[in-house]
Amino acid sequence: MERIMINPLLSIQNSPTKFLKPPLSSIHRQQQQQERQSNNNTLFMGEARPRRATTFACLSIRRRRNNNGVSEFEETARFEQVGGKGISVLCGLGYWVQGSRCFPWLALNFHMVHSLALQPSTLQLVQYSCSLPMVAKPLYGVLSDVLYIGSGRRVPYIAIGVFLQVLAWGSMGIFQGAREVLPSLVACVLLSNLGASITEVAKDALVAEYGLRYRINGLQSYALMASAAGGVLGNLLGGYLLLTTPPKISFLVFSALLSLQLVVSLSSKEESFGLPRIAETSSVLESVKKQISNLKEAIQADEISQPLIWAVVSIAMVPLLSGSVFCYQTQVLNLDPSVIGMSKVIGQLMLLCLTVVYDRYLKTLPMRPLIHIIQLLYGLSILLDYILVKQINLGFGISNEVYVLCFSSLAEILAQFKILPFAVRLASMCPQGCEGSVTSFLASTLCLSQIVSAFLGVGLANLIGITSSNYSNLSSGILIQSLAALAPLCFMHLVPMSEPVIEKEGKRGISKRSRRNRRVGRVVDKESVTYRRERESEEAQR
């Protein structure tokens, strides 16, 4: 009797209704063959949904396994019905506003150079020192993963971050002391970057979690497209406003855009996105410790740690001279803000086109040769500033304005585009429940590497004597920067050859998840063994 309760198929076989036996046994044999094939191909679905002895249950699981857990029709329907439009508006607007941050920063840079009369090294030091709140992104990611605010753990953090940005940029636009006194200006910029980092962590985690939940790979490409589109409009608007209005107007306009994002964030309901709610524990500290442990285990995998090390080192070892080049363009070449703003617009358009090309054609290429080509082009594109400083462009009949419009932002755009394959790879390998932690760790390490690069640039500028009245050695610094950008090509072996796909992730991901969820792993193994024993006993009775 106990046997019959465990395996309903045996009760059907012992039934006097004989005409049901052949089709069910045939289905059972087909199901056994499909399971053997499935064990060789996909492993992670077996862990997520334990196998049962009921024939029809196994067949329904098989239908889901045949296409990464969900059919193409169901994937499209879920994206449209389960929060697809809402998450498109929330995150699309968020990345667009994030890309638009360039236009208040352009106004801020002109304000610090002309109104506060900062030296090139001091300007660059202030720019990147204010990015320190972004280094703490893993902390925000861990809190976003384990700590709910109200009924959500992503959208409330987005709203909090946007509110902090409104407070910072609004203060600089309204109060004169907040923008004219350097310590108060730095405090406002630090507050703005704190809010931006919290918002970015929550958005990146939400996009990664939604993509993994519904098997939609590469959403990071569309996020970068929205950011680039925001950069296009932001630089156009920034260049125009600086020609006709003081910088405080740019701060107020950006505060208005952030207010719109805040309204959208407050009106969005996270439960409408169809994401599962994690089990909450009584102790927040305990949950944070567990999440940090999961993060350490995830980033220690060679598939994540090695490409991450290459990306961080390839940025950190290149001394940035962006502050010196900016001051040279505005103080020596006397370029209008509209020219510099339009050069950023052209750069963002290039980034948008590169992102579309990557999403359509380059995503399936081997990762190592692709990164090799991008890094080589990045190192060579730095020499474009050398041509401008030496005024070689004038010998070919190209004016400084036209040259800056066409080539000034190329190196910066390639540096941003280089990160996209790493972001897509890491997002596709995020363990469930660690989306915020892993993506924020990537953003934090990249931000820290940029700060190190900026500090190296400040040291190099001081070493070779670049000041606001002496740019004679700027060309030598650019040559050193270009050589340093080519050095990471020597350890390209750390970059993997291929992009991971969700089907291939299962074999490696099951070991990682089973170590984090040992209790679940034992249950699955026990049910699998029980099921095999039942099938053996069934065949013996035949």
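In this predicted model, helix α10 (residues 137–146) and helix α26 (residues 435–464) cross at roughly 170°, and their axes come within 7 Å. Helix α10 is therefore roughly antiparallel to α26, since angles over 145 degrees fall in that class. The protein as a whole has 29 helices and 0 strands.

**Contact of α10 with α26**

- From α10, the residues that take part are Lys-137, Pro-138, Gly-141, Val-142 and Asp-145.
- They meet Glu-435, Gly-436, Ser-437, Ser-440, Phe-441, Ala-443 and Ser-444 of α26.
- Sorted by class, the contact of α10 with α26 comprises 4 nonpolar, 5 polar and 3 charged residues.

- Ser-197 lies in helix α13, which spans residues 182–213.
- The relative accessible area of Ser-197 is 0%, so this residue is buried.
- Apart from neighbours within four places in sequence, Ser-197 is in contact with Pro-133, Met-134, Lys-137 and Tyr-140.
- One of these partners, Lys-137, also belongs to the α10 residues that meet α26.

**Packing of α8 and α18**

- Helix α8 (residues 102–115) packs with helix α18 (residues 322–332) at an angle of about 65°, and the two axes are 11 Å apart.
- The two helices are therefore roughly perpendicular to each other, a class that covers angles of 65 to 115 degrees.
- The crossing of α8 and α18 is right-handed.
- On the α8 side, the contact is made by Leu-106, Asn-109, Phe-110, Val-113 and His-114.
- On the α18 side, Phe-326, Cys-327, Thr-330 and Gln-331 contribute.
- The contact of α8 with α18 has 5 nonpolar and 4 polar residues, and no charged residues.

**The buried side of α24**

- In helix α24 (residues 410–417), the buried residues are Ala-411, Ile-413, Leu-414 and Phe-417.
- These residues cover an arc of only 160° around the axis and therefore lie on the same side of α24.

**The protein as a whole**

- The protein has 542 residues, of which 53% count as buried.
- Among contacts in the protein with a separation of 6 or more, 86% are between residues 24 or more positions apart.

Methods: Residues are numbered from 1 along each chain as its sequence is written. This is a predicted model: local features need pLDDT of at least 70, side-chain atom pairs count only at pLDDT 80 or more; totals for chains, interfaces and linings use all residues. Side-chain values use heavy atoms; hydrogens and water are left out. Axes are lines fitted to C-alpha atoms, for helices over the stretch in contact, and angles run from 0 to 180 degrees between N-to-C directions. Helices (H or I, at least four residues) and strands (E, at least two) are DSSP runs, numbered from the N terminus. Angles under 35 degrees count as roughly parallel, over 145 as roughly antiparallel, 65 to 115 as roughly perpendicular and the rest as oblique. A crossing is left-handed if the near helix is turned anticlockwise from the far one by less than a right angle, and right-handed if clockwise. Contact means heavy atoms within 4.5 Å. Ala, Val, Leu, Ile, Met, Phe, Trp, Tyr, Cys and Pro count as nonpolar, Asp, Glu, Lys and Arg as charged, and the others, Gly among them, as polar. Buried means under 20% relative accessible area, exposed over 50%, partly exposed in between (1.4 Å probe, protein chains only). The arc is that of the directions from the helix axis to the C-beta atoms.
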